[in-house]
Amino acid sequence: MMSFAIMMALLAPVAPASEPEPLGLLNLIGPGDYPAFALQKGESGIVSIELQVSARGAPTSCTVTETSRSFGLDATSCKLAMQRLRFKPARDAAGTPVSGMFRTVLSWSLGDAEYPVGFASTLAVLKLPSDYSRPVKLRLEFDAMGHNDACHVTESSGSAALDQIGCRQSIRETVIAPPKSGSRVAARAVRYMTLTFVTR
């Protein structure tokens, strides 16, 4: 029994020590990328996607985990991500490039209909540490019930301690409307937060 357990542990996949880091994420979509048929139908919405990324930093697959309810916008989101996104690959504990997974979100808006995927917030603390220099930027993940269950620091505040406090606070308090995946995969949504720390 002991040898079987050890063998299973050795065969189990090891999670990367770091996740893939996107290059040029802000330039993923532009005004000219809106699908013509979606424009004609007045379709808009939010699309969260999950990308599998190779050890060479290239996306190998894309899955929609939060649908806009428009097949065209969902498909275009994955198409553009596969074509345009490149990554610094994930690395294991030894620093070797390995395959990994990355999630992000795209917002398709028309006219007055806006679908914000980023928001700002403040958090009061007793004292700001000397290494705090700017707001922390976070990428938040939400489960099918809309509960925040994962937090990734995309740009540090300069203070690792405050970064951790910000993530813990967001997981405890941040909720969104339950996302719909539109497929057999589990629904999962992504949002971005800029969190500023202030003294009480």
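Cys-167 is buried in this predicted model, its relative accessible area being 12%, and its sulfur is joined to that of Cys-151 in a disulfide with an S to S distance of 2.0 Å. The structure holds two disulfides, and a search of the whole structure also finds three aromatic pairs.

**Disulfide Cys-151 to Cys-167**

- The bond links distant parts of the chain, with Cys-151 placed in strand E10 (residues 148-155) and Cys-167 in helix H4 (residues 160-173), 16 residues apart.
- The torsion about the S-S bond of Cys-151 and Cys-167 is about -70°, and the disulfide is therefore left-handed.
- Cys-151 has a relative accessible area of 17% and is buried, which is also the class of Cys-167, at 12%; the cut-off behind this assignment is a relative accessible area under 20%.

**Disulfide Cys-62 to Cys-78**

- Cys-62 and Cys-78 are joined by a disulfide whose S to S distance is 2.0 Å.
- Because Cys-62 belongs to strand E3 (residues 59-66) and Cys-78 to helix H3 (residues 71-84), the pair ties together parts that are 16 residues apart in sequence.
- For Cys-62 and Cys-78 the torsion about the S-S bond is about -75°, so this disulfide is left-handed.
- Cys-62 is partly exposed, with a relative accessible area of 22%, whereas Cys-78 counts as buried at 12% relative accessibility.

- When the bonded cysteines are counted along the chain, the disulfides of the protein follow the pattern 1-2, 3-4.

- Tyr-34 lies in the loop between strand E1 (21-23) and helix H2 (36-41), while Trp-108 lies in strand E7 (residues 100-108), so the pair ties together parts that are 74 residues apart in sequence.
- Both Tyr-34 and Trp-108 are buried.

Methods:
Residues numbered from 1 in each chain as written. Predicted model: local features only at pLDDT ≥ 70, side-chain atom pairs only at ≥ 80, totals over all residues. Heavy atoms only, no water. Phe/Tyr/Trp six-rings, centres within 6.5 Å; stacked < 30°, edge-to-face > 60°. Helix = DSSP H or I, 4+ residues; strand = E, 2+ residues; numbered from the N terminus. Buried < 20%, exposed > 50% of the residue type's maximum accessible area, 1.4 Å probe, protein only. Disulfide = S-S within 2.5 Å.
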